[in-house]
Amino acid sequence: MSENVNVTGIFGENVFNEHAMRERLPKKVYKELHKTIDEGKELDPMTAEVVASAMRDWAMEKGATHYTHWFQPLTGFTAEKHDSFITAPDEDGNVLMEFSGKELIKGEPDASSFPSGGLRSTFEARGYTTWDCTSPAFVREDATGAILCVPTAFCSYTGEALDQKTPLLRSMEAVQAQTLRLLRLFGNTTSRKVFPSVGVEQEYFIVDHEKYLQRKDLIFTGRTLFGAMPPKGQELDDHYFGVIRQRIGAFMKDVNKELWKLGVPAKTQHNEVAPGQHELAPIYEKCNVASDHNQIIMETLKRVAEQHGLQCLLHEKPFAGVNGSGKHNNWSLTTDDGINLLEPGKTPHENIQFLLVLCCILRAVDRHADLLRESAADVGNDHRLGANEAPPAIISVFLGEQLGDVLRQLVNTGAAAHSLKGGHLHTGVKTLPEVSKDATDRNRTSPFAFTGNKFEFRMVGSRDSVAECNVVLNTIVAEAFSDACDILEKAEDFDLAVHDLIKEYATLHQRIVFNGNGYSEEWVKEAERRGLPNIQSMVDAIPALVTEESVRMFEKFGVFTKAELNSRAEIQYEGYAKAINIEARAMIDIASKHIIPAVMRYAKNLAETANEIREAGADDSVPVEILKRLTALLSEARKALLVLKDVTRTANSLEAGEKQAHYYHDEVCTAMAALRLPVDELEMIVDKEEWPMPSYGDLLFEV
């Protein structure tokens, strides 16, 4: 019998949240802290001391012995250094447990050992982590013990951002400032804050841990570099939303418990399209908190999986031939008094503020489609985007029938006179209740889709931090709002100016709107006719970071400096080259030491079998025929292996940067694909008992 879980009793119990702060902080200190959180007021040292002391006592009551500044460097992972609360022993040999305001606010990890893209030399080691008090501290319980985790930003000695969080916070301030400008023009004097609201749907695969340990490719790279398709894949669509297997269900239950204790509002869980693939989605939160919580979700999935003898795979494409994994970044703008700026209302054609916001977002996406595409660029995502299982690499916006019709009216006549209604769903079954339906359907092939009162950016890779795409979304929308406000603030007739601006933006940027099948070849041709960029790979996407237009925009709103953008481009080129190099070397290692020897052993057995059959006077044509095909493929694999070794050696000799990354993409990836082809065919011939690693069928179905 499964134990009952008291969700309300455990939710947030390991978070230094509002309840904990009100309970433990003096009223004056609580108010001062909230001035920092709500108004951006600098936190004075005395307030920090009181907060740190209360946080320490709260954490120690939960068994914490250490604290850490929990941050997100440009490695793709989180980072932490644990310090215990103990101080130097006194004369009697007793230790005190201390956590000062200074330790809460600032840490000093070594900045030289994290990716900096040239912002920091190896000998320049100082970096600072600074407390993000808008994201609550939490106590994480694992094999290390109970650790007080303080969410922080990470900057260099000279102030450049070395992480994902710093530019995210900057972008949130930028979009807030420009949105408030817009709201004031429409007479809103009550909203004091605006924040991007984000909900992140996280996809992942689960495999058996013991089988995972037998796959060196999964261990080294996170994906299978070899592997033939099993007899059954996802073609029956029976896994999607299917009954959750008991072993997976037990894992999910423990994941939810851990997340709820950490204040992560985990809401939805289900089987995804591919065998072994699943999804977890939380409720919407403020952008930086949602980003932090997504990191916690990924870490928790991996940790709890191992406790269940499982392995969580977060790579975008762990298995060739079946659906890959991404995460959907659901984004909207919400005021502190509960207004969602992307709520169209029942008559969106009459909602002038909504129409301006909508057209500004169309303008933002159209002008910076390349930058938005870059924000989802990832080595693993190159296997996924545009492969008829995820959004195409072409950025477009899905508005649906209702808003699409409103937009057409604006473009054609300059005004919108009506909105399509949703109506009711007719099932043809009298006993089923009548239900209302939305005014528009959904489109899973669109990378940027309006879904009722938010936009869903569907391109992000499953391993990636959502901070990067939200930095871009926040900043490009801030720019669009700023441009609109510059015009409207000077207008003599505001109503007429708004009307004209909505029509102008709708007309100029209607090319970005596409409600059809994003997987079709017709759309590729149509997008080219419209002049929309079709960026196929990560290495082709990176230059969008450092165009004059991108630099000008990011610097205008204080989100990135030119040096920070150049550093990120350099880090991404280098990261791409390193990832492909590891994959190539892993393929060489596995093929040389495991696959080719196994095939040779099987060929020897096959030859002996053929001889024995021949000596017995029987027909040996079947084993001989198999042996010929086997040795032909073995020869092909050997030749491909030599080519891969050669191009990998050449790639390593090139200077790190754009040229090397392109060589890895053009030459090394091609050589890797050429090696995989004969090896996967060999797997279908060689005796399963002789094959040196678990098959796709073993991994995907035996959990």
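The model is a predicted one. Its largest nonpolar core has 131 residues, and a search of the whole structure finds 0 disulfides.

**Nonpolar core**

- Within the largest nonpolar core, the residues with the most contacts are Leu 399, Leu 644 and Leu 675.
- Helix α19, which spans residues 562-615, supplies the largest share of this core, namely 18 residues.
- Leaving aside residues up to four places away in sequence, Leu 675 touches Phe 226, Met 587, Ala 591, Ala 637, Ala 640, Leu 641 and Leu 644.

- Phe 220 belongs to helix α8, which covers residues 216-221.

- Cys 360 takes part in no disulfide, and the nearest cysteine sulfur, that of Cys 359, is 7.4 Å away.
- For Cys 485, the closest cysteine sulfur is in Cys 360, at 7.7 Å, which is too far for a bond, because a disulfide requires the two sulfur atoms to be within 2.5 Å.
- Cys 360 has 0% relative accessibility and therefore counts as buried.
- Cys 485 is likewise buried, with a relative accessible area of 0%.

**Asp 620**

- Asp 620 is located in the loop between α19 and α20, the latter comprising residues 621-653.
- The relative accessible area of Asp 620 is 15%, so this residue is buried; the cut-off for that class is under 20%.
- Contacts of Asp 620, not counting residues up to four places away in sequence, are made with Ala 610, Ile 613 and Arg 614.

**Asn 256**

- Asn 256 lies in helix α9, which runs over residues 246-261.
- Asn 256 counts as buried because its relative accessibility is 9%.
- Ala 266, Gln 269 and Leu 280 are touched by Asn 256, when residues up to four places away in sequence are not counted.
- Asn 256 and Thr 300 are 44 residues apart along the chain, and their C-alpha atoms are separated by 9.2 Å.

Key
Residues are numbered from 1 along each chain as its sequence is written. This is a predicted model: local features need pLDDT of at least 70, side-chain atom pairs count only at pLDDT 80 or more; totals for chains, interfaces and linings use all residues. Side-chain values use heavy atoms; hydrogens and water are left out. Buried means under 20% relative accessible area, exposed over 50%, partly exposed in between (1.4 Å probe, protein chains only). Helices (H or I, at least four residues) and strands (E, at least two) are DSSP runs, numbered from the N terminus. A nonpolar core is a set of buried Ala, Val, Leu, Ile, Met, Phe, Trp, Tyr and Cys residues joined through side-chain atoms within 4.5 Å. Contact means heavy atoms within 4.5 Å.
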